[in-house]
Amino acid sequence: MDNIKFKKILKPIIWGLFLGTVCLSILFIIISLMIVYTSLSLSFIPHIATVCGGVSGFVSGYISSKIFGHKGLLIGLLCGIIMSAVITIATLAMSGIMFSGGELTKIIIILIASAIGGAFGVNSNSSLKKP
């Protein structure tokens, strides 16, 4: 019985995380092009990365809760936890610094944005859930 519930919740979360990651990649490409072709200061990169993480967390929570159809805050928060864990592991692998003030801020913003996205996804008019 629990295996069926786990499978029902796993598919929306995987789709939400996948589309959130695609959104993050697109945002990073756009920001990279802006840095190359404009005079954007490199000191803004950590702040821009935090905003991009928040947007992708929102998208992830929104899509996953829209597919699941209910419990949007919980589903969005779960997506945010997974996304934050992956980003933290990637940051640790690349820089060797586990937690800095900026990293903690990024995690909190991703968690809040994904939970809000989950709430918006469930409460939107249409649903992606099959009847």
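User: Which residues does Lys106 touch, not counting those up to four places away in sequence?
Analyst: This is a predicted model, where local features need pLDDT of at least 70, side-chain atom pairs count only at pLDDT 80 or more, and totals for chains, interfaces and linings use all residues. Numbering runs from 1 along each chain as its sequence is written, and side-chain values use heavy atoms, with hydrogens and water left out. A contact here means heavy atoms within 4.5 Å. With residues up to four places away set aside, Lys106 touches Thr50 and Ile87.

User: Is Lys106 buried or exposed?
Analyst: Lys106 sits in helix H4, residues 101-123 (helices are DSSP runs of H or I, at least four residues, and strands are runs of E, at least two, numbered from the N terminus). Buried means under 20% relative accessible area, exposed over 50%, and partly exposed in between, using a 1.4 Å probe and protein chains only. Lys106 has 17% relative accessibility, so it counts as buried.

User: And Leu73, buried or exposed?
Analyst: Leu73 belongs to helix H3, residues 72-95. Its relative accessibility is 54%, so Leu73 counts as exposed.

User: What does Leu73 contact, leaving aside neighbours within four places in sequence?
Analyst: Gly101 is 28 residues from Leu73 in sequence and 26 Å away in space, C-alpha to C-alpha. With those sequence neighbours left aside, the contacts of Leu73 are Ala115, Gly118 and Ala119.

User: What is phi of Lys71 near?
Analyst: Lys71 is in the loop between helix H2 (45-68) and H3, and it's exposed, at 54% relative accessible area. Most residues other than glycine have a negative phi. Lys71, not a glycine, has a positive phi, near 55°.
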